[in-house]
There are 4 protein chains.
Amino acid sequence: MNFGVIGYGYWGPNIVRNLTSLEDSQVIAIAEMSPSARKRAQKAYPGIHVTSDAFEVLSSTKIDAVAVVTPVWTHYELAKAALENGKHVFVEKPFTSNTEQAEELINLAQRKNLKIMVDHTFLFTGAVKKISQLLDEGTLGKLYYYDATRVNLGLFQHDINVLWDLAPHDLSIMDYLIKTSPEAIVATGQKHLNGHEDVAYMTLYFPEKVIAHINVNWLSPVKVRTTLMGGEKRMLVWNDLEADEKVKVYDKGVDITNREGVYELLVNYRSGDMWAPQLEQIEALRQELSYFVDCISSNRDPSNDGCAGLRVVKILEAATESLGKRGALVYL
Amino acid sequence: MNFGVIGYGYWGPNIVRNLTSLEDSQVIAIAEMSPSARKRAQKAYPGIHVTSDAFEVLSSTKIDAVAVVTPVWTHYELAKAALENGKHVFVEKPFTSNTEQAEELINLAQRKNLKIMVDHTFLFTGAVKKISQLLDEGTLGKLYYYDATRVNLGLFQHDINVLWDLAPHDLSIMDYLIKTSPEAIVATGQKHLNGHEDVAYMTLYFPEKVIAHINVNWLSPVKVRTTLMGGEKRMLVWNDLEADEKVKVYDKGVDITNREGVYELLVNYRSGDMWAPQLEQIEALRQELSYFVDCISSNRDPSNDGCAGLRVVKILEAATESLGKRGALVYL
Amino acid sequence: MNFGVIGYGYWGPNIVRNLTSLEDSQVIAIAEMSPSARKRAQKAYPGIHVTSDAFEVLSSTKIDAVAVVTPVWTHYELAKAALENGKHVFVEKPFTSNTEQAEELINLAQRKNLKIMVDHTFLFTGAVKKISQLLDEGTLGKLYYYDATRVNLGLFQHDINVLWDLAPHDLSIMDYLIKTSPEAIVATGQKHLNGHEDVAYMTLYFPEKVIAHINVNWLSPVKVRTTLMGGEKRMLVWNDLEADEKVKVYDKGVDITNREGVYELLVNYRSGDMWAPQLEQIEALRQELSYFVDCISSNRDPSNDGCAGLRVVKILEAATESLGKRGALVYL
Amino acid sequence: MNFGVIGYGYWGPNIVRNLTSLEDSQVIAIAEMSPSARKRAQKAYPGIHVTSDAFEVLSSTKIDAVAVVTPVWTHYELAKAALENGKHVFVEKPFTSNTEQAEELINLAQRKNLKIMVDHTFLFTGAVKKISQLLDEGTLGKLYYYDATRVNLGLFQHDINVLWDLAPHDLSIMDYLIKTSPEAIVATGQKHLNGHEDVAYMTLYFPEKVIAHINVNWLSPVKVRTTLMGGEKRMLVWNDLEADEKVKVYDKGVDITNREGVYELLVNYRSGDMWAPQLEQIEALRQELSYFVDCISSNRDPSNDGCAGLRVVKILEAATESLGKRGALVYL
């Protein structure tokens, strides 16, 4: 399978490296606007055609699929052109700048029988796979809450705020793990420096009393990548910065027995062993791209398809509305 | 100074122990409803009068000041009776169940020239004192945000939710450190077990783009007591669970220079040394009670007086309203 | 059972508090040389006779057992007097200053049918009990090594070096867990300040290729209390400073298959889940003293009897000899 | 400057990548015995000549310097051939299998006016540079001890034991930081699996009461890379596994005043701030190779020259002797 890659900035080189190393795929063209990035690409991959003209890649008859690794505001146009030229599309997250664009791309791909995959890389990590398995097996029991913190002194973006920059990671993971969709959302935050929120908080109300919360921050002195999940039977902490033992499952919880009235509630705390399951160690992006190649070959829709991308964009759109109204409840 | 203590449950024994060990104070009576707690009190302090009748303590002519260490819904009545009987009052946080009660107690104390101290113990810890000093000296520069997490598998309360249980710690600290009052508040959360929210989140909007956030949770498998503060010049992490190095100051930050337009913003990251100042090691509650005795003796108003207690209750009241409306913005 | 306690310095108050709280024992006399410590004892326990004269305690006909909580160089004489006066003896670790003293006390107790317990408190912690159980059940498989680090900015002792001060903890734990005795010992170290080694290292050679190592240091800026144990089947880390999860069991190891020669060794690494068993939370000293009372009542020999104390002293004596010869191998 | 690289196993690719990226150097030939490694090299660097014949590289007239990145038992022969062919030599640590070989290579290089650099990479890390600077500035005061732990479930070596595998890191760092040479050494350890010690401990006696200790272990379930250094004025912890704050300086210590006799020693503990200096972030190996190119160009002897390599080998040789005699003191 022949790939063209548009964008060779921060993430593009990882896409190229993995596509090149896979057995069933190769990169034959890279488009990139920055001359210095083009130079780096050419030096590292003398055999690949490197150009400043994205259209060359989008229209090449030798190319089967295009990876769009550019800022979010360019996704729609590039992906659309690729699809119109009969190419499958692998596109960075967030999928598009709004839901209309996402829906249009999904429809276009469907009509053309082409595949879209949105780069929700985290779904392919050993940690998320293991958590998904634990949830499926009922290890946690009924879920109570999902609470994610993703903060550090991050790269300031000029075209999007911290929610659009960092929350897509958590939203795509949450979408994958919780399976149902949130009913309503509250987002708060503050702009301090360049006109975009650099600190933001989201609460998502799900059916059946499940609540999710996401804390993202570009101005934190320390890096935190921690998610807590509490369930009726067990609880879980995922600390993505731990070298080993990223996921810890706690045999802890609360049982409440209502005897005769509110003042007779019997609260029983449970506290048992902790257990850190071994996680798969394969590079997530490699697995994801290999899965994309498989989906195309076997004409299957990936789980992280355009619809998954759309679900994340829908939440971001609602969050933006809520943020603008300082936390107003927005129904989805 | 002769003290009466009402309530000898979880926290009361600490109050008695400290008042007993101070040079200028002694406890002469303890009132407690639970027979087993009375037995413990009597065994530990054979010289103190232990009774089941709070009125005995409130009306005793030998008593100068009363410590009210009971559930929040009893504070108003007990404190009122104590003040009416001419006694100074040390009362657990949160001060009262609503702002009206708080205001009435403040007025009553003023008329009687009596002191109220609300037990905002954290203000007397080495950590909060040091952070306060760093802020006063301008070490952090203009404050951007204050983000506190206080979660664990906590004692379920039957009469209040997790906000009223855990957030008063952070609200009293925030009130002490930030000095200005929040303008508006957004609170979200969920009830899973006994009719009270066990997971809750608050965002507080302060003047001049300062934003605060508080994450409280009774259903966390791990205990977290971490506060991040970001400022223009430096940033700070306070991890109260660290044995040493509870407060770390980071010489990190972001400088943004606007050259010619939004696409020309120059973002400069700064990253320098980290510094963990040595903290005072004296027991906070002992210092607080000693300060209370001093304030009474010298007829000074404590910084954690009824008005400080009222400010915290006002925020809790607004948060409760917001929580009931799933995150509606409530102005203060 | 009536106890006399000799020594009310750092550890004595814990002994008195626990003996007092147990159902079947009480303290009726405390001997202590320091006037200020006597004052503290009298204030805390108005009902106990407090004296400066140890002989009063040792000879009192009302006393059944004596706890010797004094510096090591006084243990022999005080314990001997207690035994001669027909009293059971609970004595601080290390048991005595040398093996002759230990043997004499053991013989004396045996002749008089009295019990000796050496205060190897750690054997009664949830962590050591759990590790012992794991070893007994074969969870680790054949043991390869035991490696303990016990360092901090510790109290300088004037009469003993850091080995005699800190290593008895590890030696008593090791004696309890490994069960066989070391064959030979190598100790190294250095004196920097007051004529006693403040940094020291011991290697202990056990039968069947088991090796143990102990690192003790009074001059460390950070406190470390970590023990690694490696076995054929699994490995274990005990970090006594963790609030939760003190003991972690790793399903990790190395399998070596020798195919045809040394250059054909096949090394297979195993790496599986990690597991932190829940530990008992009861205060170790309380359990130990309750066990002592039981042993006396039922005329049983405690596991941490004089012989256990002697085994530790024997190693310390050999280590001292090795240390003096800068690491010479000393056989036991 | 044209380089030939011999060995393209675990470390060789890093050497090639860095030499290739430097401005003043290029790799023109790689020799490697494993066909699969040769294939990887050829794919990654289509422009470099890849051969199975080391002699081709050693004798090529186009090559100025050779990097020997092979097992230690081959260093002597390969380095000797390189020097005899007039090439500068960059050689992996440990330098050689024994001191005679090291001395012969040093003499040969001197006669031919060629440079030898031993790959003591750690000397070029931000952490070691900063510690060196702190020592030079007297921040720690007179050094008391150096205590390094380097353990994990490591790659078993078939030709050397864990001391020769892991300790060269610490010995080269120690040699660089302490500056004086140890007078005597004690080493202990145990073989459990394949005939080589997999657990080992070294104590090094330096002049003026400085003591060093190294703990290396191939059978640890957890990775530890921690060095403690205690000085008269301050103490330091270097934890190389921390993402940030690898080096922490503690304003802690002990002052001892001798008043009238050993029982009148006044011990004063100091405890002040902790400080984590910012460290340089550049890749150490890149800096080291750039320094090697500079040394050759300017005809300077590198600090990590053959003599530094020899000092490390001398200690390893003494340690091997001590290990064989179960900890016998070996003078250097």
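This is a predicted model: local features need pLDDT of at least 70, side-chain atom pairs count only at pLDDT 80 or more; totals for chains, interfaces and linings use all residues.

Me: Ok, how far apart are the closest C-alpha atoms of chain A and chain D?

Reply: They lie 9 Å apart, and no contact joins chain A and chain D. Chain B and chain C also have no contact joining them, with their closest C-alpha atoms 9 Å apart.

Me: Switching to chain B. Is helix α4 mostly covered or mostly open?

Reply: Mostly covered: α4 of chain B spans residues 75-84, and seven of its 10 residues are buried. Those are H75(B), Y76(B), L78(B), A79(B), A81(B), A82(B) and L83(B).

Me: What do the buried ones pack against?

Reply: Several elements of chain B, including β1 (2-6), α3 (54-59) and α5 (99-112). Just after α4(B), G86(B) has a positive phi of about 80°.

Me: Now chain A. At what angle do the axes of α4 and α5 cross?

Reply: Roughly 10°, and the axes come within 10 Å. Angles under 35 degrees count as roughly parallel, so α4(A) and α5(A) are roughly parallel to each other.

Me: Which residues meet there?

Reply: From α4(A), Y76(A), A79(A), K80(A), L83(A) and E84(A); they meet Q101(A), E104(A), L105(A), L108(A), A109(A) and K112(A) of α5(A). The residues of that contact divide into six nonpolar, one polar and four charged.

Me: And what does UniProt list for residues 1-120 of chain A?

Reply: An unreviewed UniProt entry gives "domain: Gfo/Idh/MocA-like oxidoreductase N-terminal" for them. In the model, that stretch is 42% helix and 21% strand, with its end C-alpha atoms 21 Å apart.

Conventions
Residues are numbered from 1 along each chain as its sequence is written. Chains are lettered from A and ligands numbered from 1 in the order in which they are written. Side-chain values use heavy atoms; hydrogens and water are left out. Contact means heavy atoms within 4.5 Å. Buried means under 20% relative accessible area, exposed over 50%, partly exposed in between (1.4 Å probe, protein chains only). Helices (H or I, at least four residues) and strands (E, at least two) are DSSP runs, numbered from the N terminus. UniProt positions are given in the numbering used here, feature names are shortened, and annotations may be inferred rather than shown by experiment. Axes are lines fitted to C-alpha atoms, for helices over the stretch in contact, and angles run from 0 to 180 degrees between N-to-C directions. Angles under 35 degrees count as roughly parallel, over 145 as roughly antiparallel, 65 to 115 as roughly perpendicular and the rest as oblique. Ala, Val, Leu, Ile, Met, Phe, Trp, Tyr, Cys and Pro count as nonpolar, Asp, Glu, Lys and Arg as charged, and the others, Gly among them, as polar.
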